[in-house]
Structure formats: structure tokens, C-alpha cells
Amino acid sequence: MEIPVFTLDAFTNLPFKGNPAAVCPLQHELSDDLYHKLAAEMNLSETAFITRINPSDSFTTGSRFRLRWFTPTTEVNLCGHATLASAAVLFQYNKNVNPTLVFETKSGDLCVTQKEEGYIMDFPLNPPTRQAAVGNLPVQEVYLCNNTKKLLIRLADSCDTSMLTHLKVDGVALQNSERSGRVRAVVVTMKGSPDCQPGYDFYSRNFAPWVGIPEDPVTGSAHTVLGSYWSDKLGKKKLLAYQCSSRGGELELEVRDDGRINIAGQTVTILQGTIKL
């Protein structure tokens, strides 16, 4: 069996920035065991598998596909950067003729539309609910999104961005401190400085050792929560976000009135090859 594979850096227009994802367009479904093994072999935060829904469609003519995402240790219900990378593969390398692609996923239908040099993803909005304060950081608020199981920790506005960028998190300690299953990722965020170029409304970092990702470089799914939170706090529908991991990545967000969020970004292809089994 030969499986095409692409590695793309998502939410960036520069190589070795953003968040790398592996994408495998498949002619037919594989076993879950093989999905897990392939994702572990790729050893990226997510590997995406695209399959056709209608056998008469091709990756060039079809507009609806099935999409699943796997970390090196588990399958996840929602992934932004690997969805962005999947759409880029179909548009750029399979020359898909449709203006919009629809991916059927565990989080429902996700639409991706071409926009100039990048793509706009139509994702569900995931509002968090307020929690009690935790830890010794200068924390302003703590929220939890029960749907995505992401714990959002907002640093005080008095903090400098260096406090976020230099933050060191012990993934083992995080896992040991939370075993209830309510939390699968910790997102630390702080208010940006929109008056300073390039005008980021907020910054964030994302830690998800519970799913085998000590730190995710740029996380689309986290911004379904962050977008809801910061839109409410800042009174804005359009937001510019920066995830300040060591790789870093930029996301353009638009919170919609229908309970959805548009997440826009670019991709850069790093690798194209074939997996032989």
C-alpha cells in the first residue's frame, strides 16, 4: 500500500513557523489501529486523514470529504491547523475545482473557503464558563469550556508579554494534578496591544499533555474558545490573534452571530512524499 503524505506548516507564510500537520488523502478508510500507528510514526501534534464520501468523486471534483485527526497518542474531536492544512492540500496539489470544501468530522461539518493567499475556516464557537482562580500566576480570570475541555487562564493585564512567552509548564505535573477528565488542555492567554503594530488583540499558548502534546505551537480549536472569550471582553467581532509558542503563528478571527467563528490563516508546504506499507 502506498499513501501520499504532505507536511504543511499552518497559520504562517514562512517555513518552520506556525504549526506543522501531516495530511494523508486516502482512497479508502483504514483501520483505527493503522491510523494510530501512522500518526505515531509522523509524531506531529496532528496527522489528518481525508477520505472520499462519494466513491464517484475524486479529490479534484468532490466538495465533501470525511476528515479525522490523530495526535501521536489519541484521536481528537476538533483540530484547526490540520483542517487548514488538509484544505490546502486539496486546493493546491489536487487542484480541487470547488470554491468551498466541506469536511464531515466529529465536530460536524467544517467548511473551508479560499481567500486570496490563505483560507477561511467556518468552525463552531465554544464559549467558556467562569471558574475559580488557580495557581500562583498573576491570574485575572479562569474559564473552562466543557465542550472542548480547554481550561482558559487569563493573565492579569499588568503582565508583560515576556511572562507568557517565558512561561515554563511541567506537563507531567499538569497531568498528575488533573485526572478527572474535565480538562484536556490548558490555554494561557493575555490581552494584546492593538494600538501597536501588527495590532494583536490577544496572545496565547496551549498545553495539552493529556493528548500527547506538551505544547501545541498554533491551535485553531483553542481559538474557538479564545475567540468567544475575547470577543465578549473586548466588544469586537473581528480579532487578530498571535499564539506565541517558540514557532509562533497568526490567526484572523471573526465571531459570527450564528454561533460560529471564521478562522483564517495561511500554510507553507514543507514535505511531500509517500508512505509505503
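The model is predicted: local features need pLDDT of at least 70, side-chain atom pairs count only at pLDDT 80 or more, and totals for chains, interfaces and linings use all residues. Residues are numbered from 1 along each chain as its sequence is written, and side-chain values use heavy atoms, without hydrogens and water.

Q: Why is Glu46 called buried?
A: Buried means under 20% relative accessible area, exposed over 50%, partly exposed in between (1.4 Å probe, protein chains only). Glu46 has 5% relative accessibility, so Glu46 counts as buried.

Q: What is in contact with Glu46, leaving aside its neighbours within four places in sequence?
A: Contact means heavy atoms within 4.5 Å. The residues in contact with Glu46 include Trp69, Phe70, His81 and Ile213.

Q: Where does the "active site" label on Glu46 come from?
A: UniProt lists Glu46 under that name, in an unreviewed entry. Such annotations may be inferred rather than shown by experiment.

Q: What makes Arg247 and Asp9 a salt bridge?
A: The term needs a side-chain nitrogen of Lys or Arg within 4 Å of a carboxyl oxygen of Asp or Glu. The closest N and O atoms of Arg247 and Asp9 are 3.1 Å apart, and the pair forms a salt bridge.

Q: How many salt bridges does the rule find across the interface of domain 1 and domain 2?
A: Three. The domain assignment, automatic or from a database, gives domain 1 as 2-123 + 265-276 and domain 2 as 129-258.
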